[in-house]
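Please read them with the structure open beside you.

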Amino acid sequence: MEAKEQKIELTDKMKSVMDTIEKMTVMELADLVKALEDKFGVQASAGLSVAAAGAGPSAQAAAPVEEKSVFTVVLTSAGSSKIQVIKELRTLTNLGLKEAKDLVDGAPKTIKEGATKEEAEKIKKQLETAGAKIELK
């Protein structure tokens with residue numbers, strides 16, 4: 001994991017993009033990732049497989065035993081407390097009322113892609129407390 005140890009110097013242009021991304025909602029980010037994948041013909045997870053492939057056979061052999069570190073949080077059902085789930089979803093994602101309601105009504109729906117284990121567990125716990133059924137993939 002040397003890549004995490006190295007500090008990357010950001011240009012002003014890169015800082016501007018980072019500032020814009022920080023202000024986006026989870027759903028906007030998910031749409032942006034999909035649009036970038038379509039435009040450039042890549043997948044967001046491709047960097048992981050490229051890194052593993054470039055590291056040699058020993059890294060490839062170790063890959064299956066590594067714990068999953070990136071999760072997709074999926075709302076499978078709102079349960080009986082639909083209004084509470086919508087409220088909690090709006091708090092977690094900064095979605096508008098209509099968008100949150102549409103997401104809950106359209107379950108199963110992805111709430112967040114590319115979440116860390118801690119972030120995915122936090123989202124799952126908060127939504128399950130509100131009455132939702134959540135699946136981590």
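The points below go from the overall fold to single residues.

1. The model is predicted, not an experimental structure. The protein chain holds 8 helices and 3 strands. Read from the N terminus, the elements follow the order α-α-α-α-α-β-α-α-β-α-β.

2. Surface and contacts. Of the 137 residues in the protein chain, 19% are classed as buried. The accessible surface is about 10,000 Å², and carbon and sulfur atoms account for 55% of that area.

3. The 3 strands make an open antiparallel sheet, ordered β2-β1-β3. Strands β2 (109-116) and β3 (133-136) are at the edges with a single partner strand each, so one side of each has no neighbour in the sheet. From one strand to the next, the twist averages 25°. Strand β1 (residues 70-77) and β2 run antiparallel and are joined by 5 bridges. One place to look at this pairing is Phe 71, whose bridge partner in β2 is Ala 115.

4. The core. Which residues have the most contacts inside the largest nonpolar core? They are Leu 75, Val 85, Leu 89, Ile 111 and Leu 127, in a core of 19 residues. Two or more residues of this core come from each of β1, α6 (82-93), α7 (97-105), β2 and α8 (117-129). As a general point, nonpolar side chains in soluble globular proteins tend to be buried together.

5. Leu 127. This residue is among those with the most contacts inside the core. With residues up to four places away in sequence left out, Leu 127 touches Val 85, Glu 88, Leu 89, Leu 92, Ile 111, Ala 132 and Ile 134. That list includes Val 85, Leu 89 and Ile 111, which are also named among the residues with the most contacts in the core.

6. Ala 132. Apart from neighbours within four places in sequence, Ala 132 is in contact with Leu 75, Ser 77, Ala 78, Val 85 and Leu 127. The C-alpha atoms of Ala 132 and Ser 80 are 8.0 Å apart, although the two residues are separated by 52 residues in sequence.

7. Thr 93. This residue belongs to helix α6. Thr 93 has a relative accessible area of 2% and is therefore buried. What lies 2.7 Å from a polar atom of the Thr 93 side chain? The backbone oxygen of Leu 89 does. Beyond residues up to four places away in sequence, Thr 93 touches Thr 25, Val 26 and Ile 111. Of these contacts, Ile 111 is also named in the core.

8. Asn 94. This residue is in the loop between α6 and α7. Asn 94 is exposed, because its relative accessible area is 59% and exposed means over 50%. Its phi is near 60°, which is a positive value in a residue other than glycine.

Terms used. Residues numbered from 1 in each chain as written. Predicted model: local features only at pLDDT ≥ 70, side-chain atom pairs only at ≥ 80, totals over all residues. Heavy atoms only, no water. Pairing = 2+ DSSP bridges. Helix = DSSP H or I, 4+ residues; strand = E, 2+ residues; numbered from the N terminus. Axes fitted to C-alpha atoms, helices over the stretch in contact; angles between N-to-C directions. Buried < 20%, exposed > 50% of the residue type's maximum accessible area, 1.4 Å probe, protein only. Areas by Shrake-Rupley, 256 points an atom, 1.4 Å probe, with all protein chains shown as cover. Core = buried A, V, L, I, M, F, W, Y, C linked by side-chain atoms within 4.5 Å. Contact = heavy atoms within 4.5 Å. Polar contact = N/O pair within 3.5 Å; in protein donor to acceptor, adjacent residues only side chain to side chain.
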